[in-house]
Amino acid sequence: MNAKPRTSILFVCLGNICRSPLAEGVFRSVVTERGRHADFMIDSAGTGAWHVGSAPDPRSIEIARRFGVDISMQRARQVNARDFERFDLLLGMDRNNVRTLRERAPEAAAGKIHLFLNYADGRTLDIPDPYYTRDFAGALELIEEASAGLITQLRNPAV
Ligand code: 4NP
């Protein structure tokens with residue numbers, strides 16, 4: 001009964017309107033497809049506060065919809081101090097996100113912070129920000145790869 005602890009994962013980018021909402025939606029869809037939904041608590045946040053309360057960028061909503069995932073109900077929020085306690089993993093979309101998280105994290109939480117693409121095949125480190133590059137399809141592709149790698153690595157739910 002309720003024996004297995006859930007693994008909690010926070011996906012983090014800069015604005016929480018382009019990449020991390022996609023990561024949240026795609027990873028949730030991947031774990032649901034594999035019947036693992038109950039094993040995870042999944043959320044996303046931004047290191048910046050510019051878009052707090054906003055829906056994802058319409059281009060992220062559209063590319064997710066093509067992938068079969070509805071992210072339109074998500075609302076942006078900023079990473080806060082409690083996130084470093086609540087979450088088992090805080091996964092940055094690029095090295096800037098990881099650097100910012102490490103600067104803000106208490107020492108005890110440093111080991112929870114990783115680059116999301118560490119879970120992909122290692123060719124690419126950063127998910128380039130489509131807010132600037134406009135390449136939402138490319139971001140989605142990298143997010144799919146990293147999500148598949150992450151769920152494989154977390155086959156045993158204890159992180
Ligand atoms: P994201 O993209 O970090 O993938 O959500 C951005 C969205 C907005 C801004 C920067 C990045 N901005 O500066 O407003």
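Which residues are around the ligand? Select Cys 13, Leu 14, Gly 15, Asn 16, Ile 17, Cys 18, Arg 19, His 51, Asp 129, Tyr 131 and Tyr 132; a residue makes the list if one of its heavy atoms lies within 4 Å of the molecule. Before going on, some ground rules: residues are numbered from 1 along each chain as its sequence is written, and side-chain values use heavy atoms, with hydrogens and water left out. This is a predicted model, where local features need pLDDT of at least 70 and side-chain atom pairs count only at pLDDT 80 or more, while totals for chains, interfaces and linings use all residues.

**The ligand**

Color that shell by class and you get 6 nonpolar, 3 polar and 2 charged residues. Here Ala, Val, Leu, Ile, Met, Phe, Trp, Tyr, Cys and Pro count as nonpolar, Asp, Glu, Lys and Arg as charged, and the others, Gly among them, as polar.

Now zoom in on polar contacts (pairs of N or O atoms within 3.5 Å). A polar backbone atom of Ile 17 sits 3.0 Å from a ligand oxygen, and one of Cys 18 is 2.9 Å from a ligand oxygen. From Tyr 132, a polar side-chain atom is 3.4 Å from an oxygen of the ligand. The protein buries 93% of the 350 Å² that the ligand exposes when taken alone (Shrake-Rupley areas, 1.4 Å probe).

**The core**

Next, select Ile 9, Phe 11, Phe 27, Phe 116 and Leu 150: these have the most contacts inside the largest nonpolar core, which has 35 residues. Such a core is a set of buried Ala, Val, Leu, Ile, Met, Phe, Trp, Tyr and Cys residues joined through side-chain atoms within 4.5 Å.

Beyond its neighbours within four places in sequence, they include Ala 23, Phe 27, Ile 42, Leu 91 and Phe 116.

**Ser 147**

Walk along H6 (residues 136–153) to Ser 147. Is Ser 147 buried or exposed? It counts as buried because its relative accessibility is 0% (buried is under 20%, exposed over 50%, partly exposed in between). Outside four places in sequence, Ser 147 touches Val 26, Phe 27, Val 30 and Phe 116.

**His 37**

Last stop: His 37, in the loop between H1 and E2. His 37 is partly exposed, at 42% relative accessible area.

Methods: Polar contact = N/O pair within 3.5 Å; in protein donor to acceptor, adjacent residues only side chain to side chain. Helix = DSSP H or I, 4+ residues; strand = E, 2+ residues; numbered from the N terminus. Buried < 20%, exposed > 50% of the residue type's maximum accessible area, 1.4 Å probe, protein only. Contact = heavy atoms within 4.5 Å.
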